[in-house]
Amino acid sequence: MRKDEDKVKAALGSESNREGAGAPKENWVSALLAEFPEMATAAPEALAQNAGDAWLAAHAPQAVFYPESAESVVRLARWASEAGVPITPRGAGRGYVGGCVPVHGGIVVNFSRMNRIREIDPQDGVAVVEPGVVTAHLQEAVAKLGWFYPPDPASAAESSLGGNVATNAGGPRCLKYGVTRHYVLGLEVVLADGTRIRVGGRTHKNKVGFDLVGLFVGSEGLLGLVTEATLRLIPRPPYRIAAAAVFPSIEAAAGAVEQIFAAGFLPSALEIADRFTLERAREFCPEPLPPGEAHLLVECDGQPAGVDAEIDSLLPILRRSGAGELLIGRGEEGCERLWRTRRSFSMALKASNLTKLNEDVVVPRRRLVDLVRLGSEIEGRYGFPVACFGHAGDGNIHVNLMIDRSRPGADGRAEEALDLLFRQIVAWGGSITGEHGIGIAKERWWPLAVSPEVRSLHERVKSAFDPKGLLNPGKFV
């Protein structure tokens, strides 16, 4: 296994770390194909498709397994445990930290065939799903029944619920509604040795033993393979209104965030973006963005009379904080028109032909302006743009280092910039990741983020669940 810094350098460098795609098949591969002829493959195209995620690094497995049921996952795990072959679980491959990259090769377990919504029960307020269900598909299905599954990662149209569970995915609605962990009531999990367990259940309260559900949520595939999830649903808010405002400075926009909370409001979403992000969006978006140095999107939802009253009280706060032109979207169609602009920010940055290093850091809310200023300091010191946008309400801001890798020394400067960024985030009492996880992209800064005692505790938990170290090896634990 590469040292932590070598992994990061390889990711920032060429795609040479796709090594292994043409490696000779070991004896176990032939045995696997014979044991599971309908679900296992070593076809080169399948190996390449399952080598990486949305991050820069990749490494091909020796085989890919497409389970169709929990029973098939149990059989595979028992087989792999006896053979000593590593297993890397994979959702839809939309992660940003290399979490599903099979660093040690072995078998990738691709859950795309386990994509059934098994049950939607409005009376109990639950949905039971397989891990390969696309997040947006569940949201659409429950909405037709008047119910709501709030977690909304930006990749909801592509990401799978199994991947959301693995990373404890969030999104803009976290401010009011919480993250994936708050909606997972129960899990069916296959452990490394093939043991099949159920933790939690379908009740909305459950205090029996340790919180093993919470332990698996966010565990990044290091402790077990999730084969089913029971998710909490809530009644769908019948109405929503969004307001988009531009401000003369990021300080003014952050001040508006403080004033909104000080006035006693809890919007369903509160999104901020800086100057560089807006400049790229103006070049990319078909809908015009009013002039300004910062952007704030506020959304409220609930009963129509209450939402109308809430937005009427919020608009004066935005104006007093320095907002220029205000755009209002009412109802589903009106709100989605404003959200299309917000969702285009990441695509607009990618369209700049620069390599986008997306860091999902979290800071205490009072540090929002300090974080953007730190981005400007990094820009001035290392010579590449830094774009900041994201979830102002909970301090989870995506700091995007925009790297021109054709320039000599760009990769080294990017490493130094990330060192500076993460050291300062931790010094402020923040977190180096709020949504994406550690994977291998942030493994270098894992010792910075947590104490030796906490790292040791992670290792002991990992050893208890996976004593042979076969589940997603080569990651941060």
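**Entry 1: helix α2**

I looked up what covers the buried residues of helix α2, and the cover includes β1 (40-41), β2 (63-65), α4 (70-83) and β4 (107-110). I counted a contact when heavy atoms lie within 4.5 Å. I took helices (H or I, at least four residues) and strands (E, at least two) as DSSP runs, numbered from the N terminus. The model is a predicted one, in which local features need pLDDT of at least 70 and side-chain atom pairs count only at pLDDT 80 or more, while totals for chains, interfaces and linings use all residues. Residues are numbered from 1 along each chain as its sequence is written, and side-chain values use heavy atoms, with hydrogens and water left out.

I then listed the buried residues of α2 (residues 27-35), which include W28, V29 and L32. These residues lie on the same side of α2, because they cover an arc of only 105° around the axis; the arc is that of the directions from the helix axis to the C-beta atoms. An α-helix has 3.6 residues a turn, so residues three or four places apart point the same way. On the face of α2 turned away from the buried side I found the exposed residues N27 and A34. Buried means under 20% relative accessible area, exposed over 50%, and partly exposed in between (1.4 Å probe, protein chains only).

**Entry 2: strand β13**

How many of the residues of strand β13 (residues 269-273) are buried? I found five of the five buried, so β13 is largely enclosed by the rest of the structure. A269, E271 and A273 point one way from the strand, and L270 and I272 point the other way.

I next recorded the partners of β13, where two strands pair if DSSP finds at least two bridges between them. Strand β14 (residues 294-302) runs antiparallel to β13 and is joined to it by five bridges. Strand β17 (residues 386-391) also pairs with β13 in the antiparallel sense, over three bridges. I noted I272 in both pairings: it stands opposite L296 in β14 and opposite G390 in β17.

**Entry 3: E130**

I located E130 in the loop between β6 (126-129) and α5 (135-143). Is E130 buried or exposed? The residue is buried, with a relative accessible area of 0%. Its side chain makes a polar contact of 2.6 Å with that of R118. A polar contact is a pair of N or O atoms within 3.5 Å; within protein, one must be able to donate a hydrogen and the other to accept it, and residues adjacent in sequence count only if both atoms are side-chain atoms. Not counting residues up to four places away in sequence, E130 touches M114, N115, R116, R118 and T227.

**Entry 4: cysteines**

I searched for disulfides (a pair of cysteine sulfur atoms within 2.5 Å) and found zero. For C174, the nearest cysteine sulfur is that of C300, 17 Å away. C174 counts as buried at 11% relative accessibility. For C388, the nearest is that of C285, 18 Å away. C388 counts as buried at 3% relative accessibility.

**Entry 5: whole chain**

I counted 16 helices and 18 strands in the protein chain. The radius of gyration is 23 Å, close to the 23 Å that the globule rule gives for 477 residues, so the chain is as compact as a globular protein of that length. This radius is taken over C-alpha atoms, and the rule is 2.2 Å times the number of residues to the power 0.38. Buried residues make up 58% of the 477 residues.
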